[in-house]
Amino acid sequence: MHSRLKVLTLFSVAAFAITMNTNTTLAQSAGPHSASTAELLERSRPRLEGIYAKGEMRPQRFEAQWLRDSTGMVIREQDVDSDETVRAIYDVNSGERTVATTDVETAKVDPLLSPDGKSVLKKQGRSWIIRDITSGETRPLLEPSQAGDVSYQDPTWSPDGKRVLFVEADSNDVRLRNVLVPGDPSYPGVRKTRFARVATNIPKLRVGVVDVDGDDAGSVKWRPIDFPEEGGYFGEVSWAGNSEEVLVERLSRFRDKRELLMARVDGAVSTLFEETNEAWAVGSHGINSGVQWIDGGTRLVFLSEKDGWRQAFVIDRDGKNERLLSPGDYDIIDRAEPEDVVDEEGGWYYFYASPNNGTQRYLYRVPLDGTGTKELITPTEQAGWHEYQFSPDRKFAIHTFSTVNSPPVVDLVTIPAHRSIRILEENQELHKKAQETISRPTEFVQLKLSEEVTVDASVTKPSDFDESKRYPVFVYVYGEPYLQTVLDRWGAAQIDFLRTIADLGYITVSIDNRGTPCPKGAAWRRSVFGSLGPLSTEEQAAAIQELGRTRSYVDLSRVGIWGWSGGGSNTLNALFRKPDVYHLGIAVVPKPQPHLYNAWFQEIYMRTPEVNAEGYARSAPLGFADGLKGKLLIVTGSGETNTHIQIIEGLVDRLIELGKPFDYMVYPNRDHGLREGKGTEVHVRMLITRYLLENLPPGPLPLQSK
């Protein structure tokens, strides 16, 4: 296509999306409501502004640091007498408040502060300096590289304070891409940024140790931990409980191989543990990555899915005597915080799990010696989502509990008895707002797709829901391995927006297909390996059909779907591949050409087109665009740095070539979250709402007209 014609066409399509007929009434489009789209939009505006501009549905954050001796918590707050910000100390037992007049020892230690507390590391350009806290004098830790685009990352002091461990990242071979910089509209600037696309060069990494003092100050010892020619990644890189050894977690480029290596400062390297999986060993969220040293550095705890579930293992520092800590057919959802919570004195390892409900999260523990089974710590009557911030002695925790329908309440509890000592943050105003806003709670259902597969779904109904009528359905999808959307947690997965839409006269639904990171076993998560798109498309469509079959109030003749990022891609696949199931789709920052996406994420799940051409062909929505029948709106930002706009423009060109009608909105200079610029977040939701109202009429219809 001629470049000038292409630009004019894109502008025309974008303009059409902006200037659509906002005066069309729902009555004219066969909808049951007498209110016009404009009236319904204005009804939604204050609520959306409250959510996205004023933060009315966000809970108050409770931020505290435990004292190192676990006798109290330190909270930064406004002093009522002086009106100054002070560090208040609250006694853990009595709740008595005192104001700290000097520095207090908290459990959280600045990793950039030297062990003796006299020096601190500071970033300077692409390198680092050491600043003396008392005098303010600085000296270089590492001299800036003269080799171009080389940076030093994650510096960590050795326990004796004589050395600093770091990772060098050499990005010189990563290709540069041009990005427009806002400025003079006639003569915009251009900057270049590194972007490691699928199957292209990624940064070269290596581990170094630099001496801080003495005659060797500034000299670097590079650890002989190399990667194959295609490159790879590091997980954890840390001191191995002493100042002479370093633990390095090396991951292959495709993350199908993981190794825990022990490297001495003098050069010797040994392997403690390694695992391989034909799909992946460590996913994009990196939950499995990392270790926790115990028993004075003689053993370490790590997570792995090598036996089919995400479980905790313990192994000696010489790589021998591996033992399973968390036996059973269930997943560890995540480590307890801070870091892995180990109670060595009591002999316990704490973690999050939910063996019976993939939408929730609870605190469990198992014996450190591997001789017992899991023990539930969270009270059974508190069904929902739980978070804990443990005290250093593991006897207390700051506990946060919420559900998708109930805002968080934060209290101080004892461990393991879970006796509540006092409420720390009740979020009274938010609870009041929730009571005013949530007239009908979001429900969780399970949809059986086959004898082997049952998926979780959340369903939100209009406030004036009538069981005897049927409603249009608006699905929110993600469907890829990074994110789970069906969660019994306050604020989960666009729920505030979905409630707003539901109250306009829709059933809003979200479904977690196989391949999403649900705690249902490694086979569930790895089922999508080789091609993101086909399986999620089939199971999302089957789940909507099953919902309609089992719930008479679901109108399968009016089904819309929308999603963001990977959910945008799944929206395109749904609309293109299942045109008789979905009648409208809104794809926000999708990736219709996955081979143009970043290597770090896409290669875990699909390798590269060179070794998996068929998988990429089956995944790409671009190849199925001729199936489009329904209404389609594509939304992106011209400042995208991840799902960059060129990935989307290929689809725009293809739809134009096919003569397919669609709508296209580009937010100038906005990135992946579409948050930059005043009013953007509200505008995006208003755009989605308007497009939905105009093209998928809201409100109930009689069952007999089905």
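Tutor: Start with the buried residues of helix α2: Thr37, Leu40, Leu41, Ser44, Leu48, Gly50, Ile51 and Tyr52. Keep in mind that this is a predicted model. Buried here means under 20% relative accessible area. What lies over those residues? The cover includes α4, residues 495–502, and α11, residues 680–695.

Now the helix itself. α2 covers residues 37–52, which makes 16 residues. From its first C-alpha to its last, α2 reaches 21 Å. That is close to the 22 Å expected at 1.5 Å a residue. Where does α2 bend? The place is Arg45, and the bend is about 30°. A proline, Pro46, follows within four residues.

Step back to the whole chain. The protein chain has 11 helices and 39 strands. Its C-alpha atoms fill a box of roughly 80 × 60 × 60 Å along the principal axes. Of the 706 residues, 54% count as buried.

Next, a sheet. Strands β14, β15, β16 and β17 form an open sheet of 4 strands, in the order β14-β15-β16-β17, and the pairing is antiparallel. The edges are β14, residues 232–239, and β17, residues 269–276. Each edge strand pairs on one side only. From one strand to the next, the twist averages 15°.

Stay with β14. Phe234 stands opposite Arg250 in β15. Val237 stands opposite Val248 in β15. Between the strands of this hairpin there are 5 residues. In the hairpin, Gly241 takes a positive phi near 80°.

Now move to β12, residues 204–211. This strand is mostly covered, with 6 of its 8 residues buried. Which strands pair with β12? One of them is β9, residues 163–170, which runs antiparallel to β12 over 8 bridges. Another is β13, residues 220–222, also antiparallel to β12, over 3 bridges. Follow Val209 through both pairings. Leu165 stands opposite Val209. In β13, the bridge partner of Val209 is Lys221.

Finish with a loop. Asp160 sits between β8, residues 150–157, and β9. Is Asp160 buried or partly exposed? At 37% relative accessibility, Asp160 counts as partly exposed, because buried needs under 20% and exposed needs over 50%. Compare its place with that of Tyr476, 316 residues apart from Asp160 along the chain. The C-alpha atoms of Asp160 and Tyr476 are separated by 52 Å.

How values were computed. Residues are numbered from 1 along each chain as its sequence is written. This is a predicted model: local features need pLDDT of at least 70, side-chain atom pairs count only at pLDDT 80 or more; totals for chains, interfaces and linings use all residues. Side-chain values use heavy atoms; hydrogens and water are left out. Two strands pair if DSSP finds at least two bridges between them. Helices (H or I, at least four residues) and strands (E, at least two) are DSSP runs, numbered from the N terminus. Axes are lines fitted to C-alpha atoms, for helices over the stretch in contact, and angles run from 0 to 180 degrees between N-to-C directions. The expected span of a helix is 1.5 Å times one less than its number of residues. The bend at a residue is the angle between axes fitted to the seven residues ending there and the seven starting there. Buried means under 20% relative accessible area, exposed over 50%, partly exposed in between (1.4 Å probe, protein chains only). Contact means heavy atoms within 4.5 Å.
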